[in-house]
Amino acid sequence: LMLLLPLLVDVSSVVVSAMSIKPALLPQYVRCQESNGPFCKRGSVGDGVVEYAFKTRENEDTRIWLPIDTSTNTIVNNNKTLPIVLWIHPMYDKTLPVWIAHNRRNIDHLVSHGFAVVATYRVTPMGLRPTFEAAYAPQLFWNIGDHTLEALQLLVRSKAASNNGNRIPSDIKPFVRYIDPSRAGVTGYSVGAALSVRLVDRAAEASWDGLSKLRTSSVKQPVLGAVSLGPTIGLPRNRGGSGARDALLDVKNRTAPLLLIAGTSDRRNALKDVNTLYDESPNSQLRVRMLLQSGTHCFLNVRGGECRGGGCSDCEARGSCYGRCSSRDFEQQASAQAAQAAWFTYLLQGDTGALRQLMKAESYPMRVASLDVDGDLPRRRRRPPPPPPPPPPPPLPPPLLRRYRGPTG
């Protein structure tokens, strides 16, 4: 587990209390080539990560990570507020702090590309024992997604109150000036990937007190799209499911953009579930289905993730994974990191070039088996046609001819 130590961080002459500072330069197991573009490599925003804890339901049950310049201990936002990316982890097998420890490379990668990442750190229950699905009520799985949504609602209210000079929770005050919770996306892995889609659905119907004070547009909710990494949406109720799958697929008006990613060799049913979510979301403004050739469920190095190589499972939180996992696993993880960073750079930062980069198969260390896109793609700005050539000048008048009569007299 991560050890959280109090540390003073000087941010623009304001001393704030942070829970910890950890370097974002975690080991890169795959060398990103120049052809992979800017999102495979670590981003250029800051060279480290600062982590804060704040209360959503209980003290310190939520975490937020922001980019930092470690030489000056200052938060880096390049004079822009940072959009929010919500990360939803699974509930099975591990507590959330352990899941987060295994996922730090993903979190740090997003932070380095200019995002503030928020995740639920503690919720009851967690670490569910893997068993047949119907043994658990769907509310147990939904709880972490609901908690994550509540955290975003809290950040929206706090940001609006802070802008108006009103009091806000003391544990949010140190970082609220640097974030923009009116621009948010959500991502998740496995069961958490299914919950990322559900959160988009719930956000469309939720109450967003303070949002109108942060946004001048007519958008009614801040969650602008989702990423789903190896989603496992469960079984139908009539085949032993909990009912969570049925509820997710009952939503027929899902309009938010979706990026759905799975490996072609996934044995946790995520390949079928990606196809199901893609087919059942025809009203999405933009839906992208990316299948990674020979990819498995190993988007995180965890037990049950189908990660190959001796001792690969759970090696991330224990130290180096060198020699324990196959290069193919790391290629898959680096490809997913790159796709997420490009997707959110487009959705939350308005960079249409990032979306074009996402669509290029050569952007990823692992070969892309297929990439299906449906929806409204931004059009490239066409250069205006050159102005028509100016009309030819009118012909000069004929010279005035005078007959020369010679000298007079």
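Let me start with the lining of the largest pocket: by class it has 16 nonpolar, nine polar and eight charged residues. Here Ala, Val, Leu, Ile, Met, Phe, Trp, Tyr, Cys and Pro count as nonpolar, Asp, Glu, Lys and Arg as charged, and the others, Gly among them, as polar.

A note on the source. This is a predicted model, in which local features need pLDDT of at least 70 and side-chain atom pairs count only at pLDDT 80 or more, while totals for chains, interfaces and linings use all residues. Residues are numbered from 1 along each chain as its sequence is written, and side-chain values use heavy atoms, with hydrogens and water left out.

Back to the largest pocket. Its volume is about 760 Å³, and of its 33 lining residues, Y92, S190, V191, T232 and R268 lie nearest the centre. A pocket here is an open set of points on a 1 Å grid over the protein atoms alone, where a 1.4 Å probe fits, with protein on both sides within 12 Å along at least five of seven lines; lining residues have an atom within 4 Å of a point. The volume is the space filled by probe spheres set on the points. Helix α4 (191–203) gives the largest share of this lining, four residues.

Now the salt bridges, each a side-chain nitrogen of Lys or Arg within 4 Å of a carboxyl oxygen of Asp or Glu. There are 19 in the structure.

In one of them, D93 pairs with R303, with the closest N and O atoms 2.5 Å apart. The two sit 210 residues apart, D93 in the loop between β7 (82–88) and α1 (96–102), R303 in the loop between β12 (286–292) and α8.

Another joins R287 and D374, at 3.0 Å between the closest N and O atoms. R287 lies in strand β12 and D374 in strand β13, so this pair ties together parts 87 residues apart in sequence. R287 is buried, at 12%, whereas D374 is partly exposed, at 30%.

Notes:
Buried means under 20% relative accessible area, exposed over 50%, partly exposed in between (1.4 Å probe, protein chains only).
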